[in-house]
Amino acid sequence: MKKINTHYLYYFICLFFFSSCSDKQDFDQAKDLEIITDVSGPIVYIESTEALINSIPAPSFLTQNINFDGFETNLFSDKVISGFITFQIENTTSKQVDLTVDLLDDAGNILDTEFFSINASPPAVLINREIFYGSPSGRSIDIVKSTSSILLSFVNNSGNTSVSNLPEPKVIFRSIGSFKLRVIE
């Protein structure tokens, strides 16, 4: 049996190493790195008892303007690309009520409006509505970026004498936001 000359083997390995295929390394890929994260949290929570609703003469309405500058901070407004707001309304009162939610800018201009007509209880009424902003929803993400306050307008359509037979009757309004933020571009 013949022994393989180690010099030939060494030259063969070197020749194989230098003639092998490889791509040039591209260290500019870091410029194309994009990190997107989800941020979620509560926006507004309000509850009203049936006794308070009965104290409002029907059919007049009550408004509440809630300052909310969380969307206007640079940390959020410069990075947000899309998202949604979920409105949840729960009614265990004997009242048929209407609720209008207006998103307002700094000057008090209405940017977006949602209207809810809520039936009387029983049975308990639960409404969930998601409003999407940014691509591809058709509603501009600039609405969210420019929101400075939320105006709630509440109308009691059932008079002020009825009383629910459910324990602790209330109307509860919740809003929750969930948004995608581009952290690194």
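**Entry 1. A surface patch**

I began with Ile-35, which lies in strand S1; strands here are DSSP runs of E of at least two residues, helices are runs of H or I of at least four, and both are numbered from the N terminus. I noted that the model is predicted, that local features need pLDDT of at least 70 and side-chain atom pairs pLDDT 80 or more, while totals for chains, interfaces and linings use all residues. Residues are numbered from 1 along each chain as its sequence is written, and side-chain values use heavy atoms, with hydrogens and water left out.

I looked up the exposure of Ile-35 and found 36% relative accessibility, so Ile-35 counts as partly exposed. The classes are buried under 20% relative accessible area, exposed over 50%, and partly exposed in between, with a 1.4 Å probe and protein chains only. Together with Val-183 and Ile-184, Ile-35 makes a nonpolar surface patch of about 210 Å². Patch residues have over 30% relative accessible area and no salt bridge; nonpolar side chains (Val, Leu, Ile, Met, Phe, Trp, Tyr) are joined within 5 Å, like charges within 9 Å. The areas come from the Shrake-Rupley method with a 1.4 Å probe, and for residues only the protein chains shown count as cover.

**Entry 2. The chain as a whole**

I went through the elements and found 4 helices and 8 strands in the chain. Their order from the N terminus is α-β-α-β-α-β-β-β-β-α-β-β. Of the 185 residues, 36% count as buried.

**Entry 3. The largest pocket**

Which residues lie nearest the centre of the largest pocket? I found Ile-46, Ser-48, Leu-62, Leu-152 and Phe-154 there, in a lining of 18 residues. The elements that give two or more residues to this lining are strand S1 (35-49), helix H2 (50-54), strand S2 (61-67), strand S4 (97-104), strand S7 (149-156) and strand S8 (170-184). The space in the pocket is about 270 Å³.

For the terms, I noted that the search runs on a 1 Å grid over the protein atoms alone: a cavity is a set of points where a 1.4 Å probe fits but cannot get out, a pocket is an open set with protein on both sides within 12 Å along at least five of seven lines, and lining residues have an atom within 4 Å of a point. Points are joined across faces, edges and corners, and a volume is the space filled by probe spheres set on the points.

By class, the pocket lining has 14 nonpolar, 3 polar and 1 charged residues. Ala, Val, Leu, Ile, Met, Phe, Trp, Tyr, Cys and Pro count as nonpolar, Asp, Glu, Lys and Arg as charged, and the others, Gly among them, as polar.

I also checked Ser-153, which sits in strand S7. Ser-153 is buried, at 15% relative accessible area. Ser-153 and Thr-63 are 90 residues apart in sequence but 4.3 Å apart in space, C-alpha to C-alpha.

**Entry 4. The cavity**

I found 1 cavity of 30 Å³ or more. The largest cavity holds about 30 Å³ of space. Its lining is Phe-87, Val-101, Leu-103, Asp-112, Thr-113, Glu-114 and Tyr-133. S5 gives the most to this lining, with 3 residues.

**Entry 5. Salt bridges**

I found 8 salt bridges in the structure; each is a side-chain nitrogen of Lys or Arg within 4 Å of a carboxyl oxygen of Asp or Glu.

Glu-90 pairs with Arg-174, the closest N and O atoms being 3.7 Å apart. The pair links distant parts of the chain, Glu-90 in strand S3 (residues 80-91) and Arg-174 in strand S8, 84 residues apart. Glu-90 is partly exposed at 25%, and Arg-174 is partly exposed at 23%.

Arg-139 pairs with Asp-112, with closest N and O atoms 2.8 Å apart. Arg-139 lies in the loop between strand S6 (125-134) and helix H4 (141-146) and Asp-112 in strand S5 (residues 110-118), so the pair ties together parts 27 residues apart in sequence. Arg-139 is partly exposed at 28%, whereas Asp-112 is buried at 12%. Salt bridges with shared partners join Asp-112, Glu-114, Arg-129 and Arg-139 into one network.

**Entry 6. Glu-168**

Is Glu-168 buried or exposed? I found Glu-168 exposed, with a relative accessible area of 63%. Glu-168 lies in the loop between S7 and S8. Its phi is near 50°, a positive value in a residue other than glycine. Glu-168 forms a salt bridge with Lys-170, the closest N and O atoms being 4.0 Å apart.
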